[in-house]
Amino acid sequence: YRLAQQAFAWFQVAPLPFDPTDSREVEGVLYYRVDYPGMDSTIALRGYLKSLFSDDLVEGLLPYDGTQYIDIDGVLYGQDGGRGTDVTRGAETVQVLRDESLSRCTVRVTVEVLDPEQDGAAVGSLTYDFPYEKVGDKWIFTDFSLVR
């Protein structure tokens, strides 16, 4: 779950780490060379994502015609930016719920709901269920989102 959460965040919260001194402009958009071990091309990034997520989720994150991450001269570059985490969400609790099937389980994540007007006090919680399934010879998430 933590690896999936981290990878999903590269697309919504903050990009993969990059070298701020190595930038290129493409069609008016500034890109920075990704500086993360093993992520040297969109093929490598796509392969890593496919080790965590279903093909549909990967295509949603990294479409073939996408512009968030691109290869420039055979090297992975990404745009700077992101939304950051949700300040109204707090601590997470993760449970793995086993299914009768040996090829599926559910990762249940419960996250605190915080009220900024009450000094960040927890005022409730939200629960998310993410199916984790064996597809072929690998285990992947077939539905996933960030909870914070």
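Which residue in β4 is the bridge partner of Ile-72?

Analyst: The bridge partner of Ile-72 in β4 is Val-75. The model is predicted, so to speak of local features a pLDDT of at least 70 is needed, side-chain atom pairs count only at pLDDT 80 or more, and totals for chains, interfaces and linings use all residues. Residues are numbered from 1 along each chain as its sequence is written, and side-chain values use heavy atoms, with hydrogens and water left out.

Strand β4 spans residues 75–78 and runs antiparallel to β3, to which four bridges join it. Strands (E, at least two residues) and helices (H or I, at least four) are DSSP runs numbered from the N terminus, and two strands pair if DSSP finds at least two bridges between them. Both strands belong to an open sheet of four strands, ordered β1-β2-β4-β3 with antiparallel pairing. Because β1 (18–26) and β3 (69–72) stand at the edges with a single partner strand each, one side of each is left without a neighbour in the sheet. On average, neighbouring strands of this sheet are turned by 45 degrees against each other, direction ignored. Helix α2 packs on the sheet and touches β3 and β4, its direction making about 145 degrees with that of β3. Such angles run from 0 to 180 degrees between N-to-C directions, with axes fitted to C-alpha atoms, for helices over the stretch in contact.

Apart from neighbours within four places in sequence, Phe-53 is in contact (heavy atoms within 4.5 Å) with Ala-4, Ala-7, Phe-8, Val-58, Leu-61, Ile-140, Phe-141 and Phe-144. Ser-54 lies in the loop between α2 and α3. With a relative accessible area of 12%, Ser-54 is buried; the cut-offs are under 20% for buried, over 50% for exposed and partly exposed in between, using a 1.4 Å probe and protein chains only. Beyond four places in sequence, Ser-54 is in contact with Ile-140, Phe-141 and Thr-142.

Ile-140 belongs to a further strand pair, as the bridge partner of Glu-133 in β8. Strands β7 (residues 121–135) and β8 (residues 138–141) pair in the antiparallel sense over four bridges. They form a hairpin with two residues between them, and Gly-136 in the turn has a positive phi of about 65 degrees.

The whole structure holds 14 aromatic pairs, where Phe, Tyr and Trp rings (for Trp, the six-membered ring) pair if their centres lie within 6.5 Å, planes under 30 degrees apart counting as stacked, over 60 as edge-to-face and the rest as tilted. Tyr-1 and Phe-144 form a tilted pair, 5.8 Å centre to centre with 50 degrees between the planes. This pair links distant parts of the chain, 143 residues apart: Tyr-1 in the segment before α1 and Phe-144 in the segment after β8. Both Tyr-1 and Phe-144 are buried. Ring pairs join them in a cluster whose members include Phe-8, Phe-53 and Phe-141.
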